Amino acid sequence: RRAIHKGYVWIKDGRISDVGSMSTLGSVPNKVKRRSAQNHLIMPGLVNCHTHLSNGIMRGIYDEMPLEVWFSKGMWPVLDALDGNAAETAAELSILELMTTGVTTVAAGEMGTANKDVPDGVCSALERAGLRAVLSRITMDSPDESSSAQFIPAAYRENPSAAAAEVLRLQKRFNSARLMVAPEALGVLRCTAEMVQTMHQVSLDTGSQFVMHAASSQDERDESRRRFGHGSITELERLGVLGPRTLLAHGVWLDTREIELVAKRQTGISHNPVSNAYYASGVANLPGMIEANVRLGLGTDGASTNNSQNVWETMKMSVLMQKQWREQASFGSAELALELMTIGGARALHLDDEIGSLEVGKRADLIVVDTERLALSPSQTVVSNLVYSNDPLAVRDVYIDGERLVENGRHVSIDHGSVITRAREAASTVLGRTGLDTYLTERTTWTWE
C-alpha cells in the first residue's frame with residue numbers, strides 16, 4: 001500500500017532487485033539497461049484467478065439462452081465439438097486479451113473430457129505466449145441423474161485413476177517455472193467423493209494447487225442440501241480437501257460458518273462478479289469474506305459465461321455490485337478492487353511470496369500504464385480512474401520475470417491478426433458442428449441484410 005510519485009524498479013535475473021524513490025537511487029552503472037516510463041504508472045501485474053481459456057471463441061453464444069437450449073445445444077455439444085486445435089486457438093485469443101490488458105498470471109480450468117487433447121492445446125498456447133499460469137485439468141464422474149442441471153453424459157464420466165494419470169501426464173509434459181498443471185474435480189455434485197479425494201491427493205503428492213467450482217449457484221446450494229444435508233463448502237470440509245493449496249471458484253453461497261471455515265483452512269476463493277451476474281447466480285458475501293481474512297482474489301470466468309476477459313471491468317463490478325446489493329454507497333474502494341486483483345489474487349493462488357506486489361525478491365511481473373489517456377485524466381485520482389473509468393487499453397507494456405512480452409499494447413511474438421482470423425474459423429466450425437449457427441440466426445429480433 002505504498003505508492004511512490006517518482007520512483008524506479010530495478011530488475012535483475014527475472015526478479016525485483018530494488019524498488020524505491022528516484023531521490024534514493026544514486027548512481028547507476030553504465031552497463032545497466034534503463035527504460036523510461038515518464039508519464040506512466042508502473043504497478044504489479046494483474047492476477048486473474050478464474051477463467052476457461054478454451055472458451056475464447058464462445059463469446060456471445062450463450063446470451064440469455066434458455067436452460068433447455070443450454071443442455072440440448074449449448075454445454076455438452078459444444079464440448080464435444082471443441083478439440084485440441086480449436087482449444088489452442090481459442091486459448092490464444094483469450095491469452096492475448098488478458099496479457100494486453102495487464103494480466104501476468106492466470107488460473108484456468110480446462111475440460112479433460114470428451115476431447116482429452118483440449119488441455120494440451122491450452123498449455124501449448126500458454127507456453128508460446130509466456131503467461132504465468134495455473135492450468136487445472138477438469139474431471140467429473142458422478143452417475144447421479146436426479147438433477148437435470150447437474151446431469152453428466154456417460155461419455156464425460158471419468159475413472160478417478162485415469163483422471164489422475166492424465167494430470168500426471170500433463171505435468172510431466174508442461175510443468176515449468178511459469179506453468180503449473182493442477183487437478184480439478186469440477187464440483188461436489190458432479191464428482192463422487194472418491195474423485196474429489198483422488199484429485200486432492202494428486203495435488204498433495206505433486207505440490208500443485210487443487211481446484212474446484214464450489215457454491216456457485218442457487219441450484220447447487222439447494223441440491224447440495226438435498227443430497228448431503230448441508231452446503232458444498234461443508235461437504236468439502238467433510239471430505240478433507242479444504243486447505244492451504246485449495247482454490248475454489250465462485251463461492252457465492254457460503255454461510256457465516258463456511259466463510260470462517262474457508263479462512264481457517266487458508267483456502268483461496270476466486271470471486272467472479274460479472275459471470276455471477278450473467279447467470280443471476282447471486283451476490284457473494286464479499287464484505288464477510290474480507291472481514292474473515294479469506295484468501296480472496298478476482299476472476300473473469302470464461303468468455304462463454306462473461307463474453308469478456310476484461311479484468312478491469314471485473315474490478316469495477318466487484319465493488320459496484322456490493323454497493324447496489326447492500327444499498328451502501330460507502331462500501332469498498334478502488335484501492336480494494338485493485339488489491340483483490342493483485343496481491344489478493346496472489347494470496348488466493350498461494351503465490352503471494354512470489355507475485356502480487358512490487359517487492360524486493362519477488363518475480364518481476366509488472367505492467368506499465370499510460371496515465372495520459374483521456375479516461376484516466378486528470379491523474380490526481382489515478383487509482384479511482386484505473387478501476388472506475390476502466391480503460392483496459394491504457395496498459396502499454398507487460399513484463400513477466402522481467403521479460404517484456406507486451407510492448408506498446410501488442411504481444412512481441414504473436415501476430416494478433418492471425419489469431420483473430422484463426423479464432424473466427426474455429427468458432428465457425430464449432431457452431432456448424434453443434435447447429436448453434438442456426439440458433440443464433442433465429443434468436444435475433446433484428447433483420448440482417
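Me: What volume does the second largest pocket have?
Reply: In this predicted model, where local features need pLDDT of at least 70, side-chain atom pairs count only at pLDDT 80 or more and totals for chains, interfaces and linings use all residues, the second largest pocket has a volume of about 1,100 Å³. On a 1 Å grid over the protein atoms alone, a pocket is an open set of points with protein on both sides within 12 Å along at least five of seven lines, and its volume is the space filled by probe spheres set on points joined across faces, edges and corners.

Me: Which residues are the closest to its centre?
Reply: They are Trp70, Met75, Arg190, His213 and Thr305, out of 42 lining residues, meaning those with an atom within 4 Å of a point. Residues are numbered from 1 along each chain as its sequence is written, and side-chain values use heavy atoms, with hydrogens and water left out.

Me: Which helix gives the most to that lining?
Reply: Helix 1 does, with six residues. Helix 1 spans 67-81, and strand 5 (103-111) is among the other elements that supply at least two residues. Helices (H or I, at least four residues) and strands (E, at least two) are DSSP runs, numbered from the N terminus.

Me: Now the cavities: how many of 30 Å³ or more are found?
Reply: The search of the whole structure finds three; a cavity is a set of points where a 1.4 Å probe fits but cannot get out.

Me: What lines the largest cavity?
Reply: The largest cavity, of about 60 Å³, has 15 lining residues, with Cys49, His50, Ala107, Val211 and Leu247 nearest its centre.
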